[in-house]
Amino acid sequence: MYLTIKAISVLVSILFAFAYFVWRSRVLVQLMNSTQKTGPKIETLVPRLIAVFKDVLMQSRVRRKRVPGTAHAMIFWGFIVITVGTVEMMVEGVFHEINLAFISPTLNHWYQWFADIMLLAVLLGVFYGFFRRLILKPKYLVTGADALMILAITAGLMLSLFAMNTFKIATDPISLFGVYPLSSKLYSLFGFYDLSTENAFIGTEIFYWVHLLMVLGFLMYIPHSKHLHILAAGPNIFFKHLGTPKALEKTNLEDENATSFGLGKISDISWKTSLDLYACTECGRCQEVCPADLTGKPLSPSRLIHDFKEELFLQKDLLLQKKYDDIPSVIREGSAVTEDVIWSCTSCRACEEVCPVNIEQTNLIFESRKNLVLMESKFPAELQTVFRNMENNFTPWAFGSDTRADWCKGLGVKEMADHPKAEVLYYVGCAGSFDDRAKKVATAIVKLLQKANVDFAILGKEEKCNGDPARRAGNEYLAQMLIQENVAILNKYKPRKILTGCPHCFNTLKNEYPQFGAQYEVVHHTTFLADLLREGKLKPHKNFQQEVTFHDSCYLGRWNDIYSDPRAVLEAIPELKVTEMPRNKNKGLCCGAGGARMFMEETIGKRINIERTEEAIGTNAKVIASGCPFCSTMLTDGVKAKEKQDTVTVKDIAEILEESLT
Amino acid sequence: MKIFVCVKQVPDTETKIKIASDGKSIDTSGVKWILCPYDEFAVEEAIRFKEKNSSATITVLSAGPDRVVDSLRTALAMGCDDAIHIQSTENADSFITARALAKAIEKEGPAYLVFTGKQAIDDDAAQVHQALAESLDLAAATVVLNAEYGDGVVRLSREIEGGALEKYELKTPCVIAAQKGMNEPRYASLPNIMKAKKKEVKKMNLSDLGIQETDQKISYSKMTLPPERGECKMISGDVTTAATELVRILKDEAKVI
């Protein structure tokens with residue numbers, strides 16, 4: 001009789017909870033599909049499955065943060081194992097004696113043994129979670145009621161299972177004692193030997209229900225909480241952007257039907273961005289490494305994701321009804337996302353690098369900037385001059401375009417117009433062409449190329465800004481104009497190899513020009529120099545008896561995974577000792593200039609370049625090496641601000657190498 | 001309520017000016033042409049006026065060769081409603097230009113307000129706004145820093161020497177020549193740039209406006225670049241020796257004292 005009532009009750013409960021869960025999940029999927037932008041095309045399968053295996057099943061990105069990552073992995077793996085038992089419980093509740101033992105008693109024996117141990121693994125993980133959130137309280141971790149609730153439910157789930165197992169042993173100690181290794185210890189501990197079979201059965205059933213109702217309640221709660229990540233993180237990793245380098249989204253500006261460009265309203269995102277928002281569980285790792293948040297700017301990547309998610313849910317009804325015209329702008333009176341938030345980003349991608357579930361925070365920034373500039377003409381005032389300079393003279397700085405090649409007068413540098421078959425096209429960039437400090441780096445590069453007998457030529461007056469500052473400042477229209485003009489010139493010469501003296505030129509030419517029909521081999525000068533050294537075409541001989549610390553440029557490192565080449569150049573120089581900063585390579589802190597921040601005032605909080613320069617000075621190295629003219633400028637300013645210019649110098653890798661050759 | 005903005009296309013401030021082979025004009029090859037920065041203030045002022053007076057329409061006009069249409073489009077993208085291109089020659093003087101602009105405004109008018117920049121940054125003549133006002137028989141205020149627009153009246157301040165301001169009250173219609181600082185010119189949004197490409201640019205000839213080439217008052221006989229700046233000479237030593245040396249140089253070498 002009881003079993004019949006139980007079967008019906010379990011079935012009704014399961015159906016109810018699952019129906020609710022499916023309904024709510026369907027709403028989330030509908031919401032994802034109701035936004036207006038087309039998402040990325042998903043064409044490959046195998047690398048995606050590998051990513052899911054590594055980052056979901058093996059938890060590899062989560063575990064990069066050692067202790068919390070391990071705790072998370074214990075909970076995750078524990079749940080995977082225990083879920084089998086949960087399914088078994090549900091099936092058995094409805095169909096009596098249809099369980100794992102029914103399939104295979106041996107399998108059942110081993111499974112129950114293992115699952116019982118995994119209960120403890122999960123409990124330990126949860127215990128650490130409480131400890132971290134209530135005692136350690138790291139600054140980047142926001143603990144709301146939601147987080148504690150989830151931990152409490154998880155603990156409750158495990159404890160109820162332990163209790164159930166312990167009572168279950170008491171129903172048949174002879175065959176079950178030892179099957180559940182830890183519960184058996186509890187059985188002994190609580191002295192359950194005396195328990196009558198009947199009472200043991202009642203106890204088992206009580207905790208069966210406690211556990212089942214908690215599971216079902218949790219199931220219904222998940223789609224409403226930040227715990228949604230357990231549904232969305234897997235798909236988000238599957239659909240992630242593959243590989244490190246990425247191009248900014250090319251907006252079709254000629255689209256006559258387009259009424260808006262960029263991200264103005266929440267409806268302007270794609271299904272993939274919605275998935276990004278669902279996948280975030282506010283672990284705060286991105287905030288921990290964000291140069292903007294670290295220096296007191298209003299931007300935190302995790303808050304940005306949270307605020308966009310809130311906005312998505314706030315506009316849910318209008319989105320589902322497709323009343324797009326009624327949806328207000330994301331940035332509006334009283335909204336959490338402000339213009340300052342959007343302009344604070346240096347596009348260093350530390351957030352994306354560290355995110356365990358591959359959320360692309362910077363896409364929101366770039367698309368929002370696009371909307372502000374193209375549709376609203378709203379941007380920091382100092383950018384207007386920069387845009388004008390790029391429009392009129394094809395460089396962010398106020399220099400006449402016909403003086404672009406003046407820096408190399410007397411150096412014997414050929415131009416492509418006279419030497420179109422040169423093996424290497426040296427794309428100098430605006431800094432190398434116009435900035436006094438960077439001109440010296442360009443000169444050093446030229447001398448190195450000449451010493452190694454490299455057949456190269458520059459574009460001279462035919463070269464224009466690659467478009468990076470305009471594109472990252474949201475001026476897609478201006479950026480595309482510059483890119484198209486450069487593409488026409490590049491396609492005229494079809495160079496075999498393009499060498500750049502700046503990571504920004506490098507990144508744009510390599511990763512974004514293919515969008516516009518110019519696909520060439522592009523190398524950054526540190527890689528090119530490392531190759532020349534490997535081939536023995538350059539032989540540094542002069543001792544460099546100073547300690548050097550290398551500052552990783554974001555557009556070389558996190559955008560293009562180049563960490564070893566610049567270091568290889570430094571290590572090739574006799575007696576040069578490299579001292580790493582605490583934050584280096586993929587954890588390197590931005591100098592503050594990326595994302596066109598180079599050309600904007602930094603008025604809020606501490607200056608990012610000061611934060612980074614302090615770290616560099618802290619290594620006691622006398623030379624700060626860089627591979628980027630923007631980083632060099634920011635760090636030089638930092639050194640001056642710290643009044644260390646007499647003892648610490650900022651040099652490009654090319655200059656250091658050149659010095660050791662002469 | 002018709003508002004007119006007269007603009008000039010000028011070489012970009014960073015352009016290296018070269019003298020043409022005839023020695024009387026500049027070599028226009030390789031010159032990047034832009035809308036004169038002072039005229040941008042004029043365009044912006046007109047647009048701001050329109051934003052407060054919905055019945056206003058703004059016509060932007062320029063006299064010059066075909067290339068000036070680009071600058072008219074820039075002004076249209078900022079928010080002017082339509083444009084007039086008066087086909088004129090490369091070296092037309094301020095007189096011809098002012099007369100042509102005046103005739104075009106009379107034809108399309110009546111004007112409620114006419115805005116111009118305080119001067120063009122190429123020849124720095126600062127003549128057209130006043131000549132234009134004279135031709136139209138209107139009052140004019142130049143180097144205007146701010147203006148308040150009342151009913152049939154404009155109260156404005158113009159900059160004079162020593163940073164002082166002169167305050168005037170002009171009856172409309174009148175000509176207002178903008179000084180830098182009158183406003184912050186806007187950056188055109190993409191939809192407005194796209195719309196500007198489709199807006200009408202009316203063509204007019206000098207002869208249609210009753211102007212002959214012989215009306216030109218100024219002819220150029222010769223153009224030269226300013227002399228290159230000599231190298232800077234640093235005088236070292238203590239104050240007394242340095243001062244003595246400076247006096248000697250000024251007396252014997254520069255021969256100015």
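## Architecture of chain B and selected features of chain A

Chain B contains six helices and 11 strands; helices (H or I, at least four residues) and strands (E, at least two) are DSSP runs, numbered from the N terminus. This is a predicted model, in which local features need pLDDT of at least 70 and side-chain atom pairs count only at pLDDT 80 or more, while totals for chains, interfaces and linings use all residues. Residues are numbered from 1 along each chain as its sequence is written, and chains are lettered from A and ligands numbered from 1 in the order in which they are written.

The C-alpha trace of chain B spans about 70 × 45 × 40 Å along its principal axes. Of its 257 residues, 37% count as buried. A residue is buried if 20 or more other C-beta atoms lie within 10 Å of its own, exposed if 12 or fewer, and partly exposed in between, with C-beta atoms placed from the backbone. Two residues are in contact if their C-beta atoms, placed from the backbone, lie within 7 Å. Among the contacts in chain B between residues at least 6 apart in sequence, 70% join residues at least 24 apart.

**The sheet of chain B**

Nine strands of chain B form an open sheet with mixed pairing, in the order β9-β8-β7-β10-β6-β1-β4-β5-β11. Two strands pair if DSSP finds at least two bridges between them. At the edges stand β9 (165-171) and β11 (201-205) of chain B, each with a single partner strand, so one side of each has no neighbour in the sheet. From one strand to the next the twist averages 35°. Axes are lines fitted to C-alpha atoms, for helices over the stretch in contact, and angles run from 0 to 180 degrees between N-to-C directions.

Strand β1 (residues 2-6) of chain B has four of its five residues buried, so this strand is largely enclosed by the rest of the structure. Its pairing with strand β4 (residues 57-64) of chain B is parallel and comprises five bridges; B:Phe4 has B:Thr59 as its bridge partner in β4(B). Strand β6 (residues 111-117) of chain B also runs parallel to β1(B), and five bridges join the two. In β6(B), B:Ala111 is the bridge partner of B:Lys2.

Two helices of chain B pack against these strands. Helix α3 (residues 94-108) of chain B lies across β1, β4, β5 (82-87), β6 and β11 of chain B and runs at about 150° to β4(B). Helix α4 (residues 128-136) of chain B packs on the sheet and touches β1, β6, β7 (139-149) and β10 (174-178) of chain B, its direction making about 100° with that of β7(B).

**Backbone features**

Most residues other than glycine have a negative phi, and most peptide bonds are trans. The exceptions below are listed with their backbone angles.

| Feature | Site | Angle |
|---|---|---|
| Cis peptide bond | B:Gly109 to B:Pro110 | omega about 5° |
| Cis peptide bond | B:Thr172 to B:Pro173 | omega near -10° |
| Positive phi | A:Ser377 | phi near 55° |
| Positive phi | B:Asp137 | phi about 60° |

B:Pro110 is placed in the loop between α3 and β6 of chain B, and B:Pro173 in the loop between β9 and β10 of chain B. B:Asp137 lies in the loop between α4 and β7 of chain B and is exposed, with 8 other C-beta atoms within 10 Å. A:Ser377 is found in the loop between α18 (361-374) and α19 (382-393) of chain A; A:Ser377 is partly exposed, with 15 other C-beta atoms within 10 Å.

**A helix pair in chain A**

The axes of helix α6 (residues 145-171) and helix α9 (residues 197-221) of chain A come within 8 Å and cross at roughly 160°. This angle makes α6(A) roughly antiparallel to α9(A); angles under 35 degrees count as roughly parallel, over 145 as roughly antiparallel, 65 to 115 as roughly perpendicular and the rest as oblique. Residues making the contact include A:Ile153, A:Leu157 and A:Phe167 of α6(A), and A:Phe201, A:Phe207 and A:Met214 of α9(A). By class, this contact of α6(A) with α9(A) has 15 nonpolar, seven polar and one charged residues. Ala, Val, Leu, Ile, Met, Phe, Trp, Tyr, Cys and Pro count as nonpolar, Asp, Glu, Lys and Arg as charged, and the others, Gly among them, as polar.

**Contact between the chains**

The contact between the chains takes 13 residues from chain B and 17 residues from chain A. The side of chain B that touches chain A has five nonpolar, three polar and five charged residues.
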